[in-house]
Amino acid sequence: MRKWALGVGVLALLLAGAFAGETYYVSFEGDDAGSGSKEKPWKTLQAAVEKLKAGDTLVVMPMPAPPKVDEVDLILLGDNKKPGAQVVPTAYKGAVLKKGGEQGAPITIRAADKHKVAVGGGGEYGFCFQGSECQHVRVEGFEIFAVNRGVLVDGGAGFIEVSDCDIRGCRMGVKVGAGTDCAFRRLKIHDNKYGMHLGDKGKNKPDRMLVEDCEARNNHNKTKSAGSPIGKDNTDGFCCELGEATGIVFRRCFASGSQDSGFDIKPEDAVLENCIAGGGCKQGFKLWRGAKLVNCLSYGNGAREIQLAGIGKRGVELVNCTFVAKGNVLEADGPVKVLNCILVGKVSHSEKGSSEWSLAGPLEEDFNLLSGGADSIKKGQHSLTGEPKLVDPAKGDYHLQAGSPAIDTGTAAGAPKTDLDGKARPQGKGVDIGAYER
Ligand SMILES: [Ca+2]
Ligand SMILES: [Ca+2]
């Protein structure tokens with residue numbers, strides 16, 4: 001019996017060893033002919049990633065600091081040229097991965113010191129995950145800057161997780177073409193031409209993409225074009241271009257300062273939870289076929305806060321959202337359901353539907369607080385009109401003041417269990433209207 005237990009123990013250790021993999025190192029002063037050990041690190045990311053096996057970890061050592069964002073602008077975006085050769089010699093050149101790990105034994109590539117390891121400064125990619133053999137890879141903690149695409153997943157790559165990276169000065173921050181089952185967490189995607197872009201028109205389908213706790217700020221074309229103060233492209237913070245994509249989820253993401261939309265999302269079943277479009281975009285949210293927005297907030301955007309542009313079979317549902325506009329808050333056609341929301345601003349809605357995907361359908365609403373023109377759509381017998389009494393909208397604080405008519409006047413049916421701050425809902429006597437509970 002004891003012998004048997006010992007045998008199992010040894011086997012378990014052997015298995016654990018096999019799946020834990022090896023740890024290797026890359027250093028700016030290294031040598032690709034070395035062993036990859038801490039004492040004899042490799043020099044380039046590309047040579048290193050080609051040697052990794054399932055379960056291995058690659059630690060990338062710090063190097064001289066990358067240039068600042070405005071220097072990057074001069075390098076890359078100033079004349080809008082497509083980057084070719086690496087022009088910043090003090091950064092690691094990016095890597096293309098064509099192989100990955102296995103389920104339960106991913107390959108991990110991580111910066112030794114978070115945000116002190118820079119990849120890019122010219123070239124095509126920061127990290128590219130290419131082809132269906134490239135599965136189960138994690139990338140953590142890099143500065144990725146001034147390349148054509150900071151992160152690219154394509155050709156059927158899957159189970160790619162990219163987290164805690166700062167991605168800036170690229171033509172496109174993050175791009176997924178054909179890929180599945182990816183997760184992007186805590187990425188700061190800023191000062192690129194395009195932020196995050198999932199899918200292409202009519203091809204290259206991304207499925208099951210989870211985007212959590214990411215920020216997309218100030219992504220727009222800075223090249224002036226004739227007659228326009230900024231470039232002519234409709235670049236977005238977060239975009240899912242392909243309507244057939246499935247399982248697209250954005251959670252706790254923030255977008256501001258995009259040339260077109262904070263969130264420009266086409267798939268029918270997309271879910272956006274606790275997302276904020278915090279100003280400086282043409283519109284906060286643009287939803288094409290359908291989507292469910294829960295605990296979302298939009299304010300301070302130029303043309304409108306939300307545009308529902310040709311709604312698909314299911315329509316759009318807005319639940320416990322707060323949308324506050326100086327002008328138009330909501331423009332929509334086809335079926336829309338609005339529940340427990342604060343809408344401030346003008347609303348326009350057409351029951352006919354007007355684009356290639358739209359169905360005819362009504363705007364249904366109840367348990368909302370409507371003002372600034374939105375009161376014109378009031379149909380629901382539980383909806384209220386009037387000032388929402390928000391704490392300090394001028395400073396971006398859209399919580400409810402004491403005495404707000406939104407307090408305890410929403411419905412529990414269909415309300416999410418937590419609010420935009422993650423606080424339990426309901427508080428007090430009942431569910432509040434809007435994204436914040438008190
Ligand atoms: Ca757009
Ligand atoms: Ca309450």
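Visitor: Does Asn295 count as buried or exposed?

Guide: This is a predicted model, in which local features need pLDDT of at least 70 and side-chain atom pairs count only at pLDDT 80 or more, while totals for chains, interfaces and linings use all residues. Residues are numbered from 1 along each chain as its sequence is written, and chains are lettered from A and ligands numbered from 1 in the order in which they are written. A residue is buried if 20 or more other C-beta atoms, placed from the backbone, lie within 10 Å of its own, exposed if 12 or fewer, and partly exposed in between. Asn295 counts as buried because it has 28 C-beta neighbours inside 10 Å.

Visitor: What is the phi of Asn295, and where is Asn295 found?

Guide: Its phi is near 55 degrees, a positive value in a residue other than glycine. Asn295 is found in the loop between strand S25 (290-294) and strand S26 (297-299), strands being DSSP runs of E with at least two residues, numbered from the N terminus.

Visitor: Which residues touch the most other members of the largest nonpolar core?

Guide: Nonpolar side chains tend to be buried together in soluble globular proteins. A nonpolar core is a set of buried Ala, Val, Leu, Ile, Met, Phe, Trp, Tyr and Cys residues joined through C-beta atoms within 7 Å. Here the largest has 121 residues, of which Phe129 and Leu343 touch the most other members. Strand S29 (residues 322-333) gives the most to this core, with six residues.

Key. Helices (H or I, at least four residues) and strands (E, at least two) are DSSP runs, numbered from the N terminus.
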